[in-house]
Amino acid sequence: MAVVVPWRAPSASSSSSSGPLLRPSPAGRTPLASPFLGSSHGRVSLVHSVMKAPSLTVARPFQVRCQEAVIPKEQRWMFEPSQIDGPDIWNKTWYPKAADHENTKKTWYIVDATDKILGRLASTIAIHIRGKNLATYTPSVDMGAYVIVVNAEKIAVSGKKRTQKLYRRHSGRPGGMKVETFDQLQKRIPERIVEHAVRGMLPKGRLGRTLFTHLKVYKGPDHPHQAQMPVDLPIRDRRVQVEK
């Protein structure tokens with residue numbers, strides 16, 4: 001712990017003689033320089049030549065006293081190795097380090113999209129990809145998991161979205177706008193429907209582009225990620241499944 005002793009400015013009556021700022025220096029020692037008042041050598045020589053007074057030294061403006069604080073052994077597991085001598089009092093906000101979000105240690109989830117509402121399933125997938133379900137969630141860091149979606153061609157929508165929901169794409173040339181309905185895109189490229197819904201729920205920017213690579217969508221029940229040993233995606237929303 002650091003104890004700071006405040007410094008008081010000297011008064012006009014005490015500046016010429018013995019005050020808290022000046023004190024006699026031992027014989028044969030060169031006067032020191034003060035970081036606040038500049039060099040005191042010229043001032044001391046002037047006083048010595050005119051008033052025939054002994055050489056004076058500028059005192060330090062404040063003192064800092066440090067006391068060692070050692071954490072007990074039974075409590076050291078709560079701190080980093082660099083904080084064994086005491087917690088970091090200047091930075092109390094926890095921020096994930098590189099070891100806290102390694103891709104090789106991330107969890108892999110799998111979900112079957114058969115007869116599941118598109119929007120409700122996409123929101124659950126985006127939450128786990130971002131890591132919002134974790135206590136260590138940090139908006140600017142990739143803390144989430146990988147999600148595998150199978151049977152993407154069996155995704156469902158509510159209402160009349162199958163014929164009224166439109167997907168647009170542009171070739172970049174004049175008149176190159178292509179528009180197709182949900183039903184048409186589901187027959188052509190069913191994986192794109194889930195990818196489009198999840199991408200809209202991720203951050204826009206470099207982090208969002210990286211998070212989008214954690215989504216794996218496949219047509220049919222097969223996928224090439226058996227080595228990652230994926231677990232079932234926990235879905236709390238009971239309305240995600242279409243009632244038949």
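The predicted model holds 7 salt bridges, a salt bridge being a side-chain nitrogen of Lys or Arg within 4 Å of a carboxyl oxygen of Asp or Glu. One of them pairs Arg 169 with Glu 180 at 3.1 Å, N to O. Arg 169 sits in strand 9 (residues 166–170) and Glu 180 in strand 10, so this contact ties together parts that are 11 residues apart in sequence. Strands here are DSSP runs of E, at least two residues, and helices are runs of H or I, at least four, both numbered from the N terminus. Glu 180 also meets Arg 188, at 2.7 Å, N to O.

As for cover, Glu 180 is buried, at 11% relative accessible area, while Arg 169 is partly exposed at 37% and so is Arg 188 at 41%. Buried means under 20%, exposed over 50% and partly exposed in between, with a 1.4 Å probe and protein chains only.

Another bridge links Asp 237 and Arg 239 at 3.5 Å, N to O. Salt bridges with shared partners join Arg 120, Asp 237 and Arg 239 into one network. Asp 237 is partly exposed at 23%, whereas Arg 239 is exposed at 56%.

Strand 10 spans residues 177–181 and includes Met 177, which is partly exposed, with a relative accessible area of 45%.

Residues are numbered from 1 along each chain as its sequence is written. Local features need pLDDT of at least 70 and side-chain atom pairs 80 or more, while totals for chains, interfaces and linings use all residues, and side-chain values use heavy atoms, leaving out hydrogens and water.
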